[in-house]
Amino acid sequence: METYHVPVMLHEVLEHLALKPNGVYVDGTFGGGGHTSGILEAEPSAKVFAFDRDGDAITCGRDVSGKFPGRLFLFRENFRFFRTQLAMERIRKIDGMLLDLGISSHFVDTPERGYNMTLEGRLDMRMNQDEDVITAAELVNEYPESEIRRIIYDYGEEREAGRIAEGIVVERARKPIQTTVELGEIIDRWTRSPHKLKAKARVFQAIRIYINGELEALREALVDATALLNPGGRLAVISFQSLEDRIVKQLFQRYERGCVCPPEFPACVCGRKPSLTVVTRKPLTPSPVEITANRRARSARLRIAEKKGAQG
Ligand SMILES: C[S@@+](CC[C@H](N)C(=O)[O-])C[C@H]1O[C@@H](n2cnc3c(N)ncnc32)[C@H](O)[C@@H]1O
C-alpha cells in the first residue's frame, strides 16, 4: 500500500514545539497526519486543530481522528483562514502551530494531480480541486507570454523564464499542452542549460505556487499565528524552497525587532513592540540518516520562533 506521506523532521518538530499539558495546537498542513499524530501521542492531554485544503488528506485523516477521540479536529480549509475557523470553534489562543509547506508524497505519487514531472498526468496542480481556481493547463494554454514569463521567474527563480515562456506560446499554437510530460518536453527543448531536470522542477514549482496562492497564504497565516500564540507558544515552519524560507525568516526577524521605523529616525514612532523570539538563528536541516531514509526530506528547512511575554 502506498504510504501517504512520511513526516519530515518529526523528532525536531516535537522537541521544538515544547508541548504543554492541555495545550491547543494547530497543524496547518495535516497531509497524512504524521506530525499531528506525533503531537497527540507525545502530549496525551493536548488537542490539535488540523487543516488541509486537499480532500484526500481529509478522507485519510478520518482514520487518524478515530485514534484520538475528542482531541483531533480536522477541517478541509486553506490554513490562510485558520483564525476564522478557530474563532467559530471559540478558540482564541493557541500554544503552538506547525506549517509543513508544499505538497505531500501522495500528490507526487498520484500522476493525475499533475505534480509529477516524469509520470504522464493531466496538468492540474490545484491543491483543492473543488475550488474555483485555474488549472496548470489553463495557465499554460491561455495566459499571455509576458505573464507566464513573470510567473516562472518570480515563483521559480528560473533564469531561462523568457525562453521557456516563448516555447510554451509557440508550441501551444500548434497543439494545446495537455499533460505534465508534454510541458516537460517543451522545457527540455527550449532551455539551453544542461540542467534540464532543475529547470523543469523550477517551472512546475512556479506554476503550483502561483495557482494555489501559496506565498500569500503563508504570509497571512504567520501574521495570524503570531497574534494568536500564548506567551511561550511556538511557531514551527518547514519549507522546501528558498522563496518560502525567506518569507518565514524575514517575518520572524520583523516580529523579533518590533519597531519598523526607518533606521534614520531618532526615536520610534511606530510603537510596535517585539512579539517573537527567534529560536533557530539558522534553519535546522534533516540529519543524513533521515535523508538516506527519505530523499524527499533533503531540502527541508525548519525555523522556530517563540511568542514573547510572561508565561502563565
Ligand atoms: C508536506 S505535506 C504535510 C505533511 C504532514 N505534515 C504529514 O505529516 O503527513 C503538505 C500538506 O499541506 C497541504 N497544504 C499546502 N498548503 C496548504 C494551505 N494553504 N492550506 C491548507 N493545506 C495546505 C497540502 O495539501 C498537503 O497535504
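**Exercise 1. Sort the residues in the shell around the ligand by class.**

Solution. The shell holds 8 nonpolar, 11 polar and 5 charged residues. Here Ala, Val, Leu, Ile, Met, Phe, Trp, Tyr, Cys and Pro count as nonpolar, Asp, Glu, Lys and Arg as charged, and the others, Gly among them, as polar.

Before going on, note that this is a predicted model, where local features need pLDDT of at least 70, side-chain atom pairs count only at pLDDT 80 or more, and totals for chains, interfaces and linings use all residues. Residues are numbered from 1 along each chain as its sequence is written, and side-chain values use heavy atoms, leaving out hydrogens and water.

**Exercise 2. Which residues are closest to the ligand, and how many surround it?**

Solution. Start with the count: 24 residues surround the ligand (a heavy atom within 4 Å makes a residue near). Then find the closest, which are H35, D52, N78, F79 and D100.

**Exercise 3. Find backbone N or O atoms that lie by the ligand.**

Solution. Look for polar contacts (here, pairs of N or O atoms within 3.5 Å).

- G32: 2.8 Å from an oxygen atom of the ligand.
- R53: 3.2 Å from a nitrogen atom of the ligand.
- F79: 2.8 Å from a nitrogen atom of the ligand.

**Exercise 4. Describe the whole protein.**

Solution. Along its principal axes, the C-alpha trace spans about 65 × 60 × 40 Å.

Conventions:
Polar contact = N/O pair within 3.5 Å; in protein donor to acceptor, adjacent residues only side chain to side chain.
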